[in-house]
Amino acid sequence: MVGGSDMYRQQILDHYKSPRNYGEIEEPTFTHVGENPMCGDTIEMQVKLDDDEEEIEYVAFQGDGCAISQASASMLSEKLQGMGVEELDELDRDDVVDMLGVDISPMRIKCAVLAEKVAQDGAGIYFDELDVDKTTVEDGD
């Protein structure tokens, strides 16, 4: 399955070089920032919820970091649109790895899941279920 793996690597590079939904949203429902201190990745996710606050209407992100973290944020920004808030909460690292389509080494998994954790924590803060200033992916995340 080398060809398939190469296809996914090209997809990651494409999202890194031409990120989708990069920028800002006017009047986001919530904004949250996170970092991976091990390699310097930073991501800010902005999320606009529908009027019932049950579904994600739009996602934008900004950040800086490695190809995996930025491509993951770009791909996730597309995947989250139209998703229910409860579905966001249920996402885990396996969902992110499946979305990326390549094996991620243990050292790089934090890069891959940063955007997911930032979006989840941002929602948790917005709905008063979490109290953190900034998301940090550390050992054990």
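Helix H5, which covers residues 109–126 and has 18 residues, reaches 26 Å from its first C-alpha to its last, close to the 26 Å expected at 1.5 Å a residue (the expected span being 1.5 Å times one less than the number of residues). Helices here are DSSP runs of H or I with at least four residues, numbered from the N terminus. The model is predicted, so that local features need pLDDT of at least 70 and side-chain atom pairs count only at pLDDT 80 or more, whereas totals for chains, interfaces and linings use all residues. Residues are numbered from 1 along each chain as its sequence is written, and side-chain values use heavy atoms, with hydrogens and water left out.

At Ala-115, H5 bends by about 35 degrees, the bend at a residue being the angle between axes fitted to the seven residues ending there and the seven starting there. Of the 18 residues of H5, 15 are buried, so this helix is largely enclosed by the rest of the structure (buried means under 20% relative accessible area, with a 1.4 Å probe and protein chains only). Just after H5, Asp-128 takes a positive phi of about 60 degrees.

Helix H2 has 14 residues and reaches 20 Å from its first C-alpha to its last, close to the 20 Å expected at 1.5 Å a residue. Because 11 of its 14 residues are buried, H2 is also largely enclosed by the rest of the structure; the buried residues include Ile-68, Ser-72, Met-75 and Leu-76. H2 is followed by Gly-82, whose phi is positive, near 90 degrees.

H2 (residues 67–80) packs against H4 (residues 93–100) at an angle of about 95 degrees, with the axes 10 Å apart. H2 is therefore roughly perpendicular to H4, a description that applies to angles of 65 to 115 degrees. Axes are lines fitted to C-alpha atoms, for helices over the stretch in contact, and angles run from 0 to 180 degrees between N-to-C directions. In this contact (heavy atoms within 4.5 Å), Ile-68, Ser-72, Met-75, Leu-76 and Lys-79 of H2 meet Val-96, Met-99 and Leu-100 of H4. These residues divide into 6 nonpolar, 1 polar and 1 charged, where Ala, Val, Leu, Ile, Met, Phe, Trp, Tyr, Cys and Pro count as nonpolar, Asp, Glu, Lys and Arg as charged, and the others, Gly among them, as polar.

H4 and H5 pack at an angle of about 105 degrees, with their axes 9 Å apart, and are therefore roughly perpendicular to each other. Arg-93, Val-96, Val-97 and Leu-100 in H4 meet Ile-109, Ala-112, Val-113 and Glu-116 in H5, and the residues of this contact comprise 6 nonpolar, no polar and 2 charged.

Key: Helices (H or I, at least four residues) and strands (E, at least two) are DSSP runs, numbered from the N terminus. Angles under 35 degrees count as roughly parallel, over 145 as roughly antiparallel, 65 to 115 as roughly perpendicular and the rest as oblique. Buried means under 20% relative accessible area, exposed over 50%, partly exposed in between (1.4 Å probe, protein chains only).
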